[in-house]
Amino acid sequence: LPGFRVNGRYLYDYNNEKVILCGANAMIVYWDKYGLVNYPELSKTGANCCRIFWNLASPAPTPADLDMTIQNCLANDMIPIPCLWDATGDWNQFQKCVDYWSSTSISAILKKYEKHLILNIANEVGNDITEQELFRSRYKSAVEQLRNAGIHVPLIIDSDRWGRNAYSVIDNGQYLLEQDPDHNLMFSWHLWDPYYWGLGAKDSIRRVIDLAVAENICFIVGEFG
């Protein structure tokens, strides 16, 4: 593989060094398209990555915009993790995201930076728990399309139910890894709910993480609050 790769629970760079992601989400596309303000400030915190909020709503960013924001993120010594928000909570928009990344103009940019890039396919697809076979078939197809487009970077798959249902990726992670010819997938949980879990929150979080460890998948917290 040309750049980052997943091996079991861990992520490695092209020098075979283990990478532990530590960074933040930044709503780049809305008020700082090229990250000229956000990236330098985030880099000061010691972050090694930025999950780049990208959206195709009007006015849609151009391929050149994506190229520039990735370039600027790298210039600030952080791993760019572009992600599309168009399908947030909505499976009907999921293929739109896959089509965008696999299009000729955009896949060329991803390949240009493939040594240093991770791609989050789509943010929080699905507003409820998705039937297992549907979750599997939709992401199997998405991964297949992206690989066929020549994109071989690690792909991050978000949990469904607005990112909160960790079991969607824990239960399906190994299956999807087997379907990916590159075996290069990461799985993301967005835990916005522990505030409401009361005294059992830490135990609940630990239970989810322990399950992910047992499944031997590369599991990350993509958002939390």
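Biologist: Which residues touch the most other members of the largest nonpolar core?

Modeller: Bearing in mind that this is a predicted model, the largest nonpolar core has 57 residues, and I157 and F219 are the ones that touch the most other members.

Biologist: And what does F219 touch, leaving out residues up to four places away in sequence?

Modeller: With those left out, F219 touches A166, V169, I170 and F187, together with W189, V208, I209 and A212. There is also a second, separate core of 12 residues, which includes F4, V19, C218 and I220.

Biologist: Switching to helices, at what angle do α6 and α7 pack?

Modeller: Helix α6, residues 132–148, and helix α7, residues 167–179, pack at an angle of about 40 degrees with their axes 10 Å apart, and that angle makes α6 oblique to α7. The crossing in which α6 passes α7 is right-handed.

Biologist: Which residues make that contact?

Modeller: From α6 they are Q132, F135, R136, Y139 and K140, while α7 contributes S168, V169, D171, N172, Y175, L176 and Q179. By class, the residues of this contact of α6 with α7 divide into five nonpolar, four polar and three charged.

Biologist: What about α3 and α5, how do their axes cross?

Modeller: The axes of α3 (residues 63–75) and α5 (residues 104–112) come within 9 Å and cross at roughly 15 degrees, so the two helices are roughly parallel to each other. In their contact, P63, L66, D67 and I70 of α3 meet S105, I106, I109 and K112 of α5, giving five nonpolar, one polar and two charged residues.

Notes
Residues numbered from 1 in each chain as written. Predicted model: local features only at pLDDT ≥ 70, side-chain atom pairs only at ≥ 80, totals over all residues. Heavy atoms only, no water. Core = buried A, V, L, I, M, F, W, Y, C linked by side-chain atoms within 4.5 Å. Buried < 20%, exposed > 50% of the residue type's maximum accessible area, 1.4 Å probe, protein only. Contact = heavy atoms within 4.5 Å. Axes fitted to C-alpha atoms, helices over the stretch in contact; angles between N-to-C directions. Helix = DSSP H or I, 4+ residues; strand = E, 2+ residues; numbered from the N terminus. Parallel < 35°, antiparallel > 145°, perpendicular 65-115°, else oblique. Left-handed = near helix turned anticlockwise from the far one by under 90°. Nonpolar A, V, L, I, M, F, W, Y, C, P; charged D, E, K, R; others polar.
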